[in-house]
2 protein chains.
Amino acid sequence: MSEALRIGIAGLGTVGSAVIRLFDEKVEMLTRQYGCPVQIVAVSARNRSRERNINVNSFIWYDSPEELAVSADIDVFVELIGGETGSACRAIKLALEAGHHVVTANKALLARHGVELAQLAESKGLLLNFEAAVAGGIPVIKVLRESLSGSSISRIYGILNGTCNYILTQMEEEGLSFEECLKNAQALGYAESDPTFDIEGNDTAHKLALLTSLAFGTIISPENIYVEGISNISLADIRMADELGYRIKLLGVAVKTDTGIEQRVHPTMVPTSSVIAQVKGVTNAVAIETDLLGELLLSGAGAGGNATASAVIGDIADIAKSHLCFQHGPVFGTPANALKPYIKAAVRFHAGGYFIRLGVYDRTGVFASLAKRMAENDILLKSIVQQPVVETQAQGTKTIVLITHQTAEAAVRRALAAITQDGNLVDKAQIIRIERFS
Amino acid sequence: MSEALRIGIAGLGTVGSAVIRLFDEKVEMLTRQYGCPVQIVAVSARNRSRERNINVNSFIWYDSPEELAVSADIDVFVELIGGETGSACRAIKLALEAGHHVVTANKALLARHGVELAQLAESKGLLLNFEAAVAGGIPVIKVLRESLSGSSISRIYGILNGTCNYILTQMEEEGLSFEECLKNAQALGYAESDPTFDIEGNDTAHKLALLTSLAFGTIISPENIYVEGISNISLADIRMADELGYRIKLLGVAVKTDTGIEQRVHPTMVPTSSVIAQVKGVTNAVAIETDLLGELLLSGAGAGGNATASAVIGDIADIAKSHLCFQHGPVFGTPANALKPYIKAAVRFHAGGYFIRLGVYDRTGVFASLAKRMAENDILLKSIVQQPVVETQAQGTKTIVLITHQTAEAAVRRALAAITQDGNLVDKAQIIRIERFS
């Protein structure tokens, strides 16, 4: 191996292009995080002249992934072609046989050939990393492989397909039919023109098969999954579910039972108050139930070029660390001697919304005076609420709550000083910051 | 180093005892997962004769952690004493200087001395692991260190203190005052007899300081955190927040701004519909916002002997893998040749609740006939709902929804076959499984 870790990327679709763009944009950060220089040196794709918005001229070009896989130019083969048989599968085998580490995002291939490929990688002392294959940017493979050593897992379940979750969320929030929501998803690029594989649960089943093996140490067994998709879900179901305190989610579930492991993919009623019920749109989530931890839940971006590329880059990081004669990663992610000085942003510069609860004397002019002080300090109010009588409230007083739009803390402090000065307050004002969430 | 990885544990409180008990109970699983034999060989604690429900006779006993730290009997020093100065700090330094890897759960110590200790560890090529120091069993340190190499983090925030979240949840759900909820938390062991450190936000601040350094690559800076606790939150705030669509959570927040990094700990309004608003009781959660992933959220057990011990055991696993001349961990967590055959539990054995939606003819006796078929198959009904008229419903028909208690799938299938036979159904019954959640 040369001094820099040399990467070959097979497949220049959305994910492959994103990985190349990110390496170009973030080369300094990646070198620091990887602990050694990492370079993309070679690529392969079917069509060299296709427009990709990335410059591939500096890379060695291979017309076939198999040629790239066995090339002496690379240390790591990154398979982003897709497909459960054919080129992708042959190329991964060839790369491992040639002594190259492999990174892949290919769930279908792993569900079918994962055990065989793992045997090959392990017999060669190579890494076969596949964080991107399940739940995109959510690092569930690493957590299952490395963080839960002491735990016995009893159940693992998740929202593993963004297309289905988007459709179900739309049906619920917009009151549209399954067919209309599917059309919207297709228009937005969240669903394929032939959406069967997603909506009938097959994609979820492939991912579940990998999670089951990691969670329970069993041979990958996608053919033993009961699969039911969401095309059968009607608005009537969604409405009744809502009335009864449930939301409908397409879950992949694997449970340890007395008789064996149960694997199923089907529309599932989850209580509206549960965390997983709040996972909306194309977001994915995986929950892991163990004897030591109760439930550990991870949610985040399950698909898309950037999220998938992020997982691929993390997989390469693990290989880079081992490449460096297996040096340990730094304690705080950045080497301690390279930690930057902390530059404090003072809280008075915090800009966000504010909840301001005021006990005021119940007399004329109080509202007007509050409004004036807010306006003087350029604070826009989102709402003003007069609280219904509270038991503890003193005679002749009332409670007013102001919710502001985004504003600077200093402005709020100034306005409150003026309001206090005006003499309308019964007691100290209560201020609670509102955090922005997307 | 000897062939087995030899562990020394300083501090035999709740967490230390849990680690020892788990090593005893799960020795086979741990050896398989660690890839090499790992043995606890030595311990230290102040009082040898204290009742701990674990047998410490087989371990070499040290009266002081400093003696254990420098002992040639160990490869890894696990510090579970606590305290930000004194013995714990001296012992960790001594252990690193003696060439031992270190695992610690001590957030206060790391917030104050983390950079110095990281420099020492890195200069010696040793690991200093501290997954248990932040958010207990949630593997956020590993995710920040290893999974997000390609991402630039813009904000990290979380519910990092179970005591505070328990109190705020109780206030909201039970309508009790802060003081009453604090007393309940103390009675349940969720709060210390002197709860100041938790409820005034200091514990959250220590954890936030570590997350900030990991997320932004800056020197740990706990003295630059704006800290406001929850003792000031009244029921009136909780009620008004609810009315306006918010919940109040004690968040630790670190944000990258134009002027530097903003670190703050304070009660925060979060929208009721957000995922973090559903994180209840003693559960912790951390959200990480990045350019590539949007928001990645992790939630789970933040404290308690088992959850903390789980994190310590995961940290030891990382050291064990490096001890083995840095062999790679297996692809699917378990070596591919040791994956067990998959034993399928048939879905007909799945036992859970069911949502059954039936279109029936609107005539006498239908309800009775449904109830009879359910009873015949020993299916207990949790609720029976007649749906309000739906636009699409045909004349002379109505929709009935049955929610069952836990029952076997086979019983539901038999009951539905009988109901279909009875001739009351307008169309095919809709069955959606209800997943149990704690």
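Before anything else I noted my pairing rule: two strands pair if DSSP finds at least two bridges between them. Strands (E, at least two residues) and helices (H or I, at least four) are DSSP runs, numbered from the N terminus.

**Ground rules.** I am working on a predicted model, where local features need pLDDT of at least 70 and side-chain atom pairs count only at pLDDT 80 or more, while totals for chains, interfaces and linings use all residues. Residues are numbered from 1 along each chain as its sequence is written, chains are lettered from A and ligands numbered from 1 in the order in which they are written, and side-chain values use heavy atoms, with hydrogens and water left out.

**Entry 1: a hairpin in chain B.** I started at Ile288(B), which stands opposite Leu296(B) in β12(B). Strand β11 (residues 283–290) and strand β12 (residues 294–301) of chain B pair in the antiparallel sense over 8 bridges. A hairpin of 3 residues connects β11(B) to β12(B). I then looked for another neighbour of β11(B) and found strand β7 (residues 153–159) of chain B, joined to β11(B) by 6 bridges and running antiparallel. There Tyr157(B) has Ala287(B) as its bridge partner. I also checked burial (buried means under 20% relative accessible area, exposed over 50%, partly exposed in between; 1.4 Å probe, protein chains only). In β11(B), 7 of 8 residues are buried, so I call the strand mostly covered.

**Entry 2: the parallel sheet.** Next I traced an open sheet of 6 strands in chain B, with parallel pairing and the order β3-β2-β1-β4-β5-β6. Its edges are β3 (60–62) and β6 (128–129) of chain B, each with a single partner strand, so one side of each has no neighbour in the sheet. Strand β2 (residues 38–44) of chain B runs parallel to β3(B), with 3 bridges between them. I found Ser44(B) opposite Tyr62(B) in that pairing. A reminder to myself: strands of a sheet pair through backbone hydrogen bonds, either parallel or antiparallel.

**Entry 3: chain A overall.** I listed 14 helices and 17 strands in chain A. The C-alpha trace of chain A spans about 85 × 55 × 50 Å along its principal axes. Of the 438 residues in chain A, 62% are buried. I also looked at contacts (heavy atoms within 4.5 Å). Among those in chain A between residues at least 6 apart in sequence, 71% join residues at least 24 apart.

**Entry 4: where the chains meet.** I counted 137 residues of chain B in contact with 138 residues of chain A. The buried area (accessible area, 1.4 Å probe, that two parts lose on being put together, summed over both) is about 11700 Å² between the two chains, and carbon and sulfur atoms give 58% of that. There are 12 salt bridges between chain B and chain A, each a side-chain nitrogen of Lys or Arg within 4 Å of a carboxyl oxygen of Asp or Glu. I looked up one of them, Arg264(A) with Glu435(B), at 3.1 Å from N to O. On chain B, strand β10 (residues 260–271) gives the largest share of the side that touches chain A, 11 residues.

**Entry 5: Ser147(A).** My last stop was Ser147(A), in helix α6 (residues 140–147) of chain A. Ser147(A) counts as buried because its relative accessibility is 10%. Leaving out residues up to four places away in sequence, Ser147(A) touches Lys142(A), Pro139(B), Lys142(B), Ser310(B) and Gly314(B).
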